[in-house]
Amino acid sequence: MQIEIFDSELKLAERAADLFEDTIRKNPAAVLGLATGASPVNTYNELIERYRAGKISFADITTFNLDEYCDLPRDDKNSYYSFMQQNLFGKVDIRPENVHIENGNADDFDAEAAAYDRAIEAAGGIDLQLLGIGTNGHIGFNEPADAFTDGTFRIKLTESTIKANSRYFTDSEMPRYALTMGIASIMHAKKILLIATGKAKAEAIYNTVKGPITPRCPASVLRLHQNAILLLDTEAASLL
Ligand code: PGA
């Protein structure tokens with residue numbers, strides 16, 4: 001696992017965008033795995049700037065998002081669909097039919113999850129997967145557990161995740177369930193890029209890098225990936 005530490009979030013975002021740009025230049029029809037939350041926002045802004053400057057195009061890119069809340073209308077302001085429209089998709093030339101986010105309102109969650117995995121496979125797998133990390137070490141919504149998870153599935157969110165994300169749900173109840181790519185789905189990506197900033201992530205990063213490889217800290221599994229890069233700011237790296 002490669003670790004890079006930055007003294008500013010903007011420098012970190014530029015480096016993350018460089019890695020995306022490199023992937024897109026090498027293959028303008030690349031398949032990107034995308035993440036939501038605060039961690040990727042600066043990176044998406046940098047990618048939007050590069051698109052506006054004519055340096056990259058998303059016209060032939062396909063994307064798969066990590067996760068989506070269950071039982072939240074797709075157009076709710078807190079859905080990850082809305083997040084992606086606002087923070088990236090609505091501002092670049094990606095084709096709507098090439099965008100994939102789990103349907104958290106599916107009638108049959110198991111069928112939706114299986115179809116999502118089949119779609120990733122049919123697209124040729126993910127070339128570059130972007131990840132944030134939860135304060136409990138989760139990646140996607142793969143919460144600490146007794147075993148590493150496999151493909152996409154429905155998960156009950158832990159109290160720490162509900163606490164961390166409730167700040168966004170000012171006028172509605174935060175969903176208790178989500179659909180998420182599993183650990184095996186994430187590990188199948190050809191390259192993985194994890195972004196962590198701020199002191200609140202320092203312990204999770206310590207456990208990821210120095211603790212045992214265990215499903216109790218799901219991100220620790222990334223140490224078994226051939227091509228995983230951690231981009232950290234000095235605060236997130238402060239316990240290393
Ligand atoms: P954050 O979330 O980027 O909003 O901190 C990351 C995560 O929970 O995976």
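Glu21 touches Arg50, Lys55 and Ile56, residues up to four places away in sequence not being counted; contact means heavy atoms within 4.5 Å. Glu21 lies in helix 1 (residues 9-26). Helices (H or I, at least four residues) and strands (E, at least two) are DSSP runs, numbered from the N terminus. Glu21 is buried, with a relative accessible area of 12%; buried means under 20% relative accessible area (1.4 Å probe, protein chains only).

The model is predicted: local features need pLDDT of at least 70, side-chain atom pairs count only at pLDDT 80 or more, and totals for chains, interfaces and linings use all residues. Residues are numbered from 1 along each chain as its sequence is written, and side-chain values use heavy atoms, without hydrogens and water.

Strand 2 (residues 31-34) has Val31 and Gly33 pointing one way and Leu32 and Leu34 the other, and all are buried. Strand 2 runs parallel to strand 3 (residues 62-65), joined by 4 bridges. Two strands pair if DSSP finds at least two bridges between them. Leu32 stands opposite Thr63 in strand 3. From strand 2 the chain passes through helix 2 (residues 41-52) to strand 3, in a right-handed β-α-β crossover. Right-handed means that, with the strands pointing away from the viewer, the path from the first strand over the helix to the second runs clockwise. Strand 2 also pairs with strand 6 (residues 128-131) in the parallel sense, over 2 bridges. There, Gln129 is the bridge partner of Gly33.

An open sheet of 3 strands has the order 4-8-7, with antiparallel pairing. Strand 4 (67-69) and strand 7 (153-156) are its edges, each pairing on one side only.

Key
Buried < 20%, exposed > 50% of the residue type's maximum accessible area, 1.4 Å probe, protein only.
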